[in-house]
Amino acid sequence: MSTPDIRPITDADWPEVWAIISEVIRGRETFPYDPGMDEAAARGMWIEQAPGRTVVAASPEGRILGTAKMGTNRPGPGSHVSTASFMVASAARGKGVGTALSRHAVDWARRSGYASMQFNAVVETNTAAVDLYRRVGFQIVGTVPRSFDHPAYGRVGLHVMFLEF
C-alpha cells in the first residue's frame, strides 16, 4: 500500500469515519469507549475543535483508511502536553496507516509547540498499537491494572504512554 494522504476531515468523510469508529468501539478490544455510543455522540467526541485537529488517512482513490484526533491532553497547567487517538479500518490494518497517522500526530504536536505527547489508555493486549507507539518513540510510564474489560482476555491493564519532544 502506498503512503496514505493525511488531511483534515471533511463533512463528506464522516460516514466512512463513523463506520471505522463504530467497528472499533463495538469490537471492545482497543478503546475504552462505550460500545453503545451512537453516531451523534461519536461525532461530538471525535471531531476536535481548535487548537485540536481531526484528520483522515485516505487512499489514492479517496477511500478513508483511518482517522486520528489530536489536541491538548489537559487544560491549564497541563496544557503543554498533547494527546492523540487513532483508528484504522480493519481492511487497512498492518499496512502502515497507523504509523503514518502516528507520525503525523507527533509532527503536528511538535509544530504546535507542545512539549510532549501522552496516551492515557492504551490497552495492553493491543500489542500492534503498543509496538507501533514504541517504534515512534513512546515509552510505557505506567499501567493501570485490570482497568479494561476485554471480551477475550477479561480485565487487562491500560498503559499510559509518553513521548517527550
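Trainee: Which strand gives the largest share of the lining of the largest pocket?
Mentor: Strand 4, with six residues. A pocket is an open set of points on a 1 Å grid where a 1.4 Å probe fits, with protein on both sides within 12 Å along at least five of seven lines; lining residues have an atom within 4 Å of a point. Strands are DSSP runs of E, at least two residues, and helices of H or I, at least four. The model is predicted: local features need pLDDT of at least 70, side-chain atom pairs 80 or more, while lining totals use all residues. Numbering runs from 1 along each chain, and side-chain values use heavy atoms, without hydrogens or water.

Trainee: What volume does the largest pocket have?
Mentor: About 890 Å³, counted as the space filled by probe spheres on the points.

Trainee: Which residues are closest to its centre?
Mentor: Of 39 lining residues, Phe-31, Phe-86, Asn-126, Ala-129 and Tyr-133. Among the elements giving two or more residues are helix 1 (14-27), strand 5 and helix 4 (127-136).

Trainee: Switching to rings. How many aromatic pairs are there?
Mentor: Eight, counting ring centres within 6.5 Å; planes under 30 degrees apart are stacked, over 60 edge-to-face, the rest tilted. Phe-31 and Tyr-33 are tilted, at 5.0 Å and 40 degrees.

Trainee: What about Phe-86 and Phe-119?
Mentor: Their centres are 5.8 Å apart and their planes at 85 degrees, so they are edge-to-face. Phe-86 sits in strand 4 (81-88) and Phe-119 in strand 5 (116-123), 33 residues apart. Both are buried.

Methods. Rings of Phe, Tyr and Trp (its six-membered ring) pair if their centres lie within 6.5 Å; planes under 30 degrees apart count as stacked, over 60 as edge-to-face and the rest as tilted. Buried means under 20% relative accessible area, exposed over 50%, partly exposed in between (1.4 Å probe, protein chains only).
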